[in-house]
Amino acid sequence: MARRSRDWNAGLAKDLQNQEFAREFLLAAMDEGIPVQVALAKVVRATGVKEFAAKVRMASPNVLRAIDRRYNPTQRTLNRLLRPFNLRLSLARIETPRHRHAA
């Protein structure tokens, strides 16, 4: 696998500071099956943990714990972290194709 350059990572970090870009990044990550904690971690670190924590009115260590994959944050906590992007977790029905049964 090719290594990403520092310029690429720096460019992504700069883009993630834009709230609308970060929102679309989070949505695309979910569509790709990337865990919400992993995607949020990228956005939070690009924004700056202290700045993001102040935005969501949460202590910095709690934000770091919530985005750490070793921890299991509550839905309420994740929704609090997603609120600045006008996003929240929800359930959606998965449509399955109906199988015809042979008579």
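At what angle do helix H2 and helix H3 pack, and how far apart are their axes? In this predicted model, local features require pLDDT of at least 70 and side-chain atom pairs pLDDT 80 or more, whereas totals for chains, interfaces and linings use all residues. Residues are numbered from 1 along each chain as its sequence is written, and side-chain values use heavy atoms, with hydrogens and water left out.

Helix H2 (residues 19-31) packs against helix H3 (residues 36-47) at an angle of about 155°, and the axes lie 9 Å apart. H2 is therefore roughly antiparallel to H3 (a term for angles over 145 degrees). The contact, defined by heavy atoms within 4.5 Å, brings Ala22, Phe25, Leu26, Ala29 and Met30 of H2 against Val36, Ala39, Leu40, Lys42 and Val43 of H3. Of the residues in this contact, nine are nonpolar, none is polar and one is charged.

Gln37, which is also placed in helix H3, is counted as buried because its relative accessibility is 13%, the limit for that class being under 20% relative accessible area with a 1.4 Å probe and protein chains only. The side chain of Gln37 reaches the backbone oxygen of Asp68 at 2.9 Å. When residues up to four places away in sequence are not counted, Gln37 touches Ala66, Ile67, Asp68, Arg69, Tyr71, Pro73 and Leu78.

Arg65, by contrast, lies in helix H5 (residues 60-67) and is partly exposed, with a relative accessible area of 40% (between the 20% and 50% limits).

Technical notes. Axes are lines fitted to C-alpha atoms, for helices over the stretch in contact, and angles run from 0 to 180 degrees between N-to-C directions. Helices (H or I, at least four residues) and strands (E, at least two) are DSSP runs, numbered from the N terminus. Angles under 35 degrees count as roughly parallel, over 145 as roughly antiparallel, 65 to 115 as roughly perpendicular and the rest as oblique. Ala, Val, Leu, Ile, Met, Phe, Trp, Tyr, Cys and Pro count as nonpolar, Asp, Glu, Lys and Arg as charged, and the others, Gly among them, as polar. A polar contact is a pair of N or O atoms within 3.5 Å; within protein, one must be able to donate a hydrogen and the other to accept it, and residues adjacent in sequence count only if both atoms are side-chain atoms.
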